[in-house]
Amino acid sequence: MRASLLQIGPDGDEPVDSLRDRASSLVQEQAGADLVILPELWTTGAFAFERFAAEAEPLRGPTYELMAESARKTGVWLHAGSIPERAEDGTLYNTSLVFGPDGELAASYRKMHRFGFDRGEAVLMGAGTELVTVALPGTTLGLATCYDLRFPELFRGLVDAGAELLVVPAGWPERRRAHWTLLAQARAVENQAYVLAVGSAGTHAGVPQAGHSIAVDPWGAVLAEAGHGQQVLTVDLDPARVAATREEFPALKDRVLGR
Ligand SMILES: NC(=O)CCC(=O)C(=O)O
């Protein structure tokens, strides 16, 4: 299974339409991949709080439409990163969209853990409440977003729901890059699952982004890691390695709590 991690981000004051076109072109360059993944809040930047309300869109808004078409034209599973979603009651959510190769929406996930403590996303957006997995041919994705990476119980819940490939679009800052890499590996090791964590490029609202998208195998080995700028990270995965790792080293069966 081939995955392409598209590490992009807003470039200065780049208009959203231009960003969407850039993302769509990059997706369409990935023909031949099975799964393509974009970062968190790539139409605004994860730290551009003042843009969330201005750029918020309904679930089936312009980003949805273009990404659905991009998935269909390219014939790939597309995790289109997340958008600032405005729900019907006016609440904003940080919502990930996953499309099948037919362009149909396969799943959406509203980020559960909002970042910022008493400011930013934590006060501007609502919290998701649902664990979301997506069945692909040969594997099951578990969805999480950025700050969620710090909450192992979410990932264990996804694994209990059948996830074997944990996908984490993010807008993680450079300042805490060491945590990003460490946590991506930790989530892979403890869950004996693949982790594909896709960071953003650039500087958003004055916050330099870590980039460093990373693919980790179920043993915790780093298969590929990006640098800082816009980059496509392509990686080949063997979904059968998840079951093989869990069989060879059956630590998940030794759980005492939570089963
Ligand atoms: N967008 C985010 O969720 C940022 C998370 C972050 O900066 C951190 O966990 O550190």
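Which residues are around the ligand? This is a predicted model, in which local features need pLDDT of at least 70, side-chain atom pairs count only at pLDDT 80 or more, and totals for chains, interfaces and linings use all residues. Residues are numbered from 1 along each chain as its sequence is written, and side-chain values use heavy atoms, with hydrogens and water left out.

**View 1. The shell around the ligand.** Glu40, Ala46, Phe47, Lys111, Phe115, Cys146, Tyr147, Arg150, Gly171, Trp172, Pro173 and Arg176 are the residues around the ligand, each with a heavy atom within 4 Å of it. This shell divides into seven nonpolar, one polar and four charged residues, where Ala, Val, Leu, Ile, Met, Phe, Trp, Tyr, Cys and Pro count as nonpolar, Asp, Glu, Lys and Arg as charged, and the others, Gly among them, as polar.

**View 2. Atoms facing the ligand.** A side-chain N or O atom of Glu40 is 3.0 Å from a nitrogen atom of the ligand, while a polar side-chain atom of Lys111 lies 2.8 Å from a ligand oxygen atom. Tyr147 instead places a backbone N or O atom 3.1 Å from an oxygen atom of the ligand.

View 3. Ala215 stands opposite Ala224 in β13.

Terms used
A polar contact is a pair of N or O atoms within 3.5 Å; within protein, one must be able to donate a hydrogen and the other to accept it, and residues adjacent in sequence count only if both atoms are side-chain atoms. Two strands pair if DSSP finds at least two bridges between them. Helices (H or I, at least four residues) and strands (E, at least two) are DSSP runs, numbered from the N terminus.
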